[in-house]
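Subject: Structure handover

Hello,

Here is the structure for you to look through. My notes on it follow below.

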Amino acid sequence: MRIGMGINYAGGFEETVAELAEHEKAGLDIVFVPEAYSFDAVSQLGFIAARTERVEIASGILQIYTRTPTLTAMTAAGLDYVSGGRFTLGLGASGPQVIEGFHGVPYDAPLGRTREIMDICRQVWRREKVEHAGKHYSIPLPEGQGTGLGKPLKLINHPVRSAIPILVAALGPKNVALVAEKADGWQPIFFVPEKAQDVWGDSLAAGKARRDPSLGPLQVFLQTSFFVTEDSHVAGQMLDGMRNMVALYVGGMGAKGKNFYNDVARRYGYDDEAETIQDLYLSGKKEEAAKEVPEELLRAISLIGPRSYVAERMAAFADAGVTTLNITPLGGTTAERVALVGQAKELASELG
C-alpha cells in the first residue's frame, strides 16, 4: 500500500510545497493537487515538479468540462515531461454548482464525456492522428461545422510515456462501472471498507468484466484523515474536527436530489441522518448539521486512534482493495505532519 496526500488549494501554497520536501524525505509516494474554483491545478503541479525529485504528482481532480479533451491530453503530457514521468491524470465531473456557477457551461452527460475523454487522451499520448466521432466530441469537426479546414493532427512532441495513468473520481453505480472498465485508478470518497462491496461491488465487477487486461489491475486511491494517538480524548477531538467537512459534502455539495455525497451516505444506511444533515445545511444551520454527522461514520472513514487500531483499519482498507491511502495528516506543525507521514509509511510497510 502506498501513501499519498493532498495539497491545500486555499492559500499558503508556496509554504505547503516547502513542507512537501520534508514529506518526500519521510517516504510520501504521491501528492494530489485539487482544482475547485481556486488557482488552477496545472501551474501548481508544475511548481511541485520543479521542487521535488521522487514523489509522484497527480491532479485531484481536473474537471472534465473546463478543457477540451485534447488540451487535457496535452497538459498531462506536459506535466509528465516536466516531472520526468511522475504524473497521474486525475479526472472528475465536479458538480453543477461549480461547472455552471463558476465556469458557465452546462453540466451534462458526465459519464459519456468521461469515456470519450479517456479515449481521446490515449490517442494523443500514442501520437496517433486524433480522429474521434463521438456523441459529445467530434475531432476534427465534421463537414458542415466550422470552416471545414480542420484536419487530423498528432502531438508534435514525443511524450515521456505513451500511457499516462488516468485516475477518475466516481461515486455513482454507472460511473464506477465505467472507471473499472476504462481507467487505471479509481478515487472514491467516504469509503467504508466493510460496506464498500455492498455499495460498489456490482458496479466494479461489471466494469472489470469488460476491462482490457493491458490496463492491469484497477488501482484504488482513498482520501482519509490520519492521526495516531493513544489518548482517547484526543482521538475524539480529532474525529469531531472532521464533522464540518463531512457535513459540507453530505449537506452542502449540491441541491436536493443532486448531491452525490449525500447519496453515498444514504447507501451506507444513514438515510435519516443524511436527510437531516442536508436540510439543516441548506437552511444555513451548518453547526447543527455538523453535530448530526454520525460518529460511527466518522470512525469508519478515517484512520484516527491508537497505533494498533490504525494498523487494523489500514489492513481493512487494503483487504477492500485500496492500494493508495491519500492521507490528511492531522498534525498542528510541520514536524508533526511529517512524523505522521512517516508513521503511515511504517504501518503500510507492515501490511506486506
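Glu56 is partly exposed, with a relative accessible area of 27%. On this scale, buried means under 20% relative accessible area, exposed means over 50%, and partly exposed is in between, with a 1.4 Å probe and protein chains only. Before the rest, note that this is a predicted model, in which local features need pLDDT of at least 70 and side-chain atom pairs count only at pLDDT 80 or more, while totals for chains, interfaces and linings use all residues. Residues are numbered from 1 along each chain as its sequence is written, and side-chain values use heavy atoms, with hydrogens and water left out.

Salt bridges

Glu56 forms a salt bridge with Arg2, and their closest N and O atoms are 2.9 Å apart. The term salt bridge stands for a side-chain nitrogen of Lys or Arg within 4 Å of a carboxyl oxygen of Asp or Glu. Arg2 lies in strand S1 and Glu56 in strand S3 (residues 56–59), so the pair ties together parts that are 54 residues apart in sequence. Helices (H or I, at least four residues) and strands (E, at least two) are DSSP runs, numbered from the N terminus. Arg2 counts as partly exposed, at 25% relative accessibility.

A second salt bridge is formed by the side chains of Glu19 and Arg337 (2.7 Å, N to O). This pair links distant parts of the chain, with Glu19 in helix H1 (residues 13–25) and Arg337 in helix H15 (residues 334–350), 318 residues apart. Is Glu19 buried or exposed? Glu19 is buried, because its relative accessible area is 12%.

Asp108 and Arg113 also form a salt bridge, with 3.0 Å between the closest N and O atoms. Asp108 is partly exposed at 32% relative accessibility, whereas Arg113 is buried at 15%.

Strand S12

Strand S12 (residues 324–329) is mostly covered, as five of its six residues are buried. Strand S1 (residues 2–6) runs parallel to S12 and is joined to it by four bridges; two strands pair if DSSP finds at least two bridges between them. Arg2 stands opposite Thr324 in S12. Strand S10 (residues 219–228) is also parallel to S12, with six bridges joining the two. Here Gln223 has Asn326 in S12 as its bridge partner.

Surface patches

Which residues gather in a patch of negative charge on the surface? They are Asp272, Glu273, Glu275, Glu292 and Glu296. Patches are made of residues with over 30% relative accessible area and no salt bridge, where like charges are joined within 9 Å and nonpolar side chains (Val, Leu, Ile, Met, Phe, Trp, Tyr) within 5 Å. Lys and Arg count as positive and Asp and Glu as negative, with His and the chain ends not counted. The place of a charge is taken as NZ of Lys, CZ of Arg, CG of Asp or CD of Glu. Helix H11 (residues 271–282) gives the most to the negative patch, with three residues. Glu275 lies in helix H11 and is partly exposed, with a relative accessible area of 36%.

There is also a nonpolar surface patch of Tyr81, Val82 and Val160, with about 310 Å² of accessible area together. Accessible areas come from the Shrake-Rupley method with a 1.4 Å probe, and for residues only the protein chains shown count as cover. Val160 is in the loop between strand S7 (138–139) and strand S8 (166–169).

Regards
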